[in-house]
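Q: Let's go through some labels and ask what backs each one. Please show the sequence and the structure before we start.

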Amino acid sequence: MLADSAKRLSEDTLMPILAREAADKPLSKPVMLEIYGHLAEFGITAARLHEDFGGSGLSMLDYGLIMEQLPPAIALSLLSHDGSTVRFNAGADEAVRDAYLPDFREGRKIVCTANSEPNAGSDSNTISTKLEIEGDRAFITGTKMWITNASVCDCMIVSCSAGNDERGRPVPQRVLVDLSQSKVGLAETPLAGLKQGHLCEVTFDRTEVPLSHLIGSPGDAGKYMTIVWNANRPLIGLMALNIARRAYDMALAHVTDRKQFGSPLAAKQLVQQDLSDMEAAITSARLTCLMALATLDTGARSNGISAMAKRLATENANRVVHTAMQLCGGMGVTEELGLAQLWADARVFQVPDGTQGILALIHGRDITGTAAWR
Ligand SMILES: Cc1cc2nc3c(=O)[nH]c(=O)nc-3n(C[C@H](O)[C@H](O)[C@H](O)COP(=O)(O)OP(=O)(O)OC[C@H]3O[C@@H](n4cnc5c(N)ncnc54)[C@H](O)[C@@H]3O)c2cc1C
């Protein structure tokens with residue numbers, strides 16, 4: 001029932017909004033707020049937030065069944081917003097929580113997380129964005145890159161370096177930056193896929209924030225990044241598979257219709273093998289993602305399985321779209337059919353919240369007990 005109603009939300013409400021807007025441009029803030037209004041009504045703008053804080057407290061498995069139905073550009077934005085709400089809630093000062101949480105929860109304000117920097121991508125702990133505290137004021141200086149939602153958000157959870165530890169590594173501190181109070185520079189970064197979504201460079205030039213906006217304790221930002229990433233990874237896998245399923249459906253319709261050598265392509269043995277491979281790739285990866293989410297729900301360690309699920313799902317999704325394009329021949333590589341755009345959309349998911357290589361290393365660490373990235 002949950003999946004069916006999410007499908008209806010997607011088909012009857014969200015996809016018509018996307019179809020109404022330019023397909024190759026980031027959606028405007030008013031359109032994003034309209035979308036968030038619908039997501040809030042459905043109860044998923046704070047899906048992971050515990051009910052004690054007014055969230056939906058959905059199980060990750062249920063959340064996955066919903067997420068796989070949503071248009072991927074919207075799902076990725078929601079993932080950033082919902083994950084950032086969790087990162088905010090864990091450790092926010094009570095008065096600050098009361099001031100912001102209701103708006104995040106109800107989708108009236110959009111929030112995102114800014115961690116990545118020009119020199120801190122996969123090695124996400126090496127951030128250099130500086131936090132300086134002077135009396136009762138705090139200042140942020142630095143640049144963040146590839147931040148989902150940044151150009152349409154109201155607030156950001158920014159990972160800053162609050163100094164260095166005894167081994168010379170940055171001590172990451174979460175800071176809430178309210179764009180209505182603090183000045184930041186924003187520049188949209190055009191993406192090859194998911195073009196209605198938002199990816200942004202953010203600059204802080206001694207951006208002033210109140211001390212009360214420091215969240216949690218110095219050093220705990222990495223822990224909350226990882227907690228959210230572990231849940232995000234299989235969810236991103238399901239978003240990529242949403243694209244793969246659409247590509248598969250388009251290819252199946254094409255080979256059923258198109259005749260060559262006197263019969264439909266669908267009747268050819270090699271074409272049937274391709275269809276079987278595509279269906280198997282989607283189904284096996286989908287079940288792996290759902291299993292990773294169910295593992296998270298048990299509270300068991302899930303770093304390895306969650307990394308494995310995203311890597312498998314995004315890899316399979318890309319392979320399925322590639323085969324779908326081939327099955328459609330000339331049509332497959334035209335703009336007209338839309339498969340080329342799905343190809344670019346699916347490709348994007350192989351980078352955020354862990355590249356394919358880094359996900360293999362996280363999984364490998366769980367298998368061997370040895371971290372290989374240093
Ligand atoms: C659509 C999208 C949304 C994003 N949203 C956000 C967001 O909301 N907030 C945010 O903070 N960031 C966000 N990011 C940034 C994202 O987290 C980084 O792009 C990602 O972590 C990879 O970092 P990088 O691009 O610097 O690549 P790099 O770290 O430079 O990696 C480049 C290549 O080197 C490989 N590599 C790196 N280290 C190793 C190693 N030790 N061994 C072997 N191979 C290695 C990687 O696998 C990769 O293939 C987003 C990115 C995208 C594309």
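A: Contact here means heavy atoms within 4.5 Å. By that cut-off, eleven residues of domain 2 are in contact with ten residues of domain 3. Keep in mind that the model is predicted.

Q: What are the domains, and where are their bounds?
A: Domain 1 covers 2-105, domain 2 covers 111-217 and domain 3 covers 223-368. The bounds come from an automatic or database assignment. Between the centres of domain 2 and domain 3, taken over C-alpha atoms, the separation is 31 Å.

Q: Why is the ligand said to lie between two domains?
A: Look at who supplies the shell. Domain 2 and domain 3 both give residues to it, so the ligand lies between them.

Q: Which helices and strands each supply at least two residues of that shell?
A: Strand E1 (111-114), strand E3 (137-148) and helix H11 (356-368) each do.

Q: What makes a residue count as near the ligand, and which come nearest?
A: One of its heavy atoms must lie within 4 Å. There are 18 residues around the ligand, and Asn115, Ser116, Ser122, Thr148 and Thr355 come nearest.

Q: How do the shell residues divide into nonpolar, polar and charged?
A: Ten are nonpolar, eight are polar and none is charged.

Q: How much of the ligand's accessible area does the protein cover?
A: On its own, the ligand has 980 Å² of accessible area, and the protein covers 65% of this.

Q: Why is aspartate 82 called buried?
A: Its relative accessibility is 0%. Buried means under 20%, so the label applies. Aspartate 82 lies in helix H4 (residues 72-89).

Q: What joins the side chains of aspartate 82 and arginine 48?
A: A polar contact of 2.6 Å. That value is within the 3.5 Å cut-off, so the pair qualifies.

Q: What else does aspartate 82 touch?
A: Leave out residues up to four places away in sequence. Then the partners of aspartate 82 are Thr45, Ala46, Ala47, Arg48, Leu49 and Tyr63.

Q: Are glycine 83 and threonine 85 buried or exposed?
A: Glycine 83 has 1% relative accessibility, and threonine 85 has 0%. The limit for buried is under 20%, so both count as buried. Helix H4 holds glycine 83 and also threonine 85.

Q: Why is arginine 246 called partly exposed?
A: Its relative accessibility is 39%. Pro72 and Leu342 are its contacts, residues up to four places away in sequence not counted.

Q: What makes the phi of arginine 206 and phenylalanine 261 worth a look?
A: Most residues other than glycine have a negative phi. Arginine 206 has a positive phi of about 50° and is not a glycine. Phenylalanine 261 is not a glycine either, and has a positive phi of about 50°.

Q: Where are arginine 206 and phenylalanine 261 found?
A: Arginine 206 is in strand E7 (residues 199-210). Phenylalanine 261 lies in the loop between strand E9 (259-260) and strand E10 (263-264).

Q: Why do arginine 206 and phenylalanine 261 get their accessibility labels?
A: Arginine 206 has 39% relative accessibility, between the limits of 20% and 50%, so it counts as partly exposed. Phenylalanine 261 has a relative accessible area of 83%, which is over 50%, so it is exposed.

Terms used. Residues are numbered from 1 along each chain as its sequence is written. This is a predicted model: local features need pLDDT of at least 70, side-chain atom pairs count only at pLDDT 80 or more; totals for chains, interfaces and linings use all residues. Side-chain values use heavy atoms; hydrogens and water are left out. Helices (H or I, at least four residues) and strands (E, at least two) are DSSP runs, numbered from the N terminus. Buried means under 20% relative accessible area, exposed over 50%, partly exposed in between (1.4 Å probe, protein chains only). A polar contact is a pair of N or O atoms within 3.5 Å; within protein, one must be able to donate a hydrogen and the other to accept it, and residues adjacent in sequence count only if both atoms are side-chain atoms. Accessible areas come from the Shrake-Rupley method with a 1.4 Å probe; for residues, only the protein chains shown count as cover. Ala, Val, Leu, Ile, Met, Phe, Trp, Tyr, Cys and Pro count as nonpolar, Asp, Glu, Lys and Arg as charged, and the others, Gly among them, as polar.
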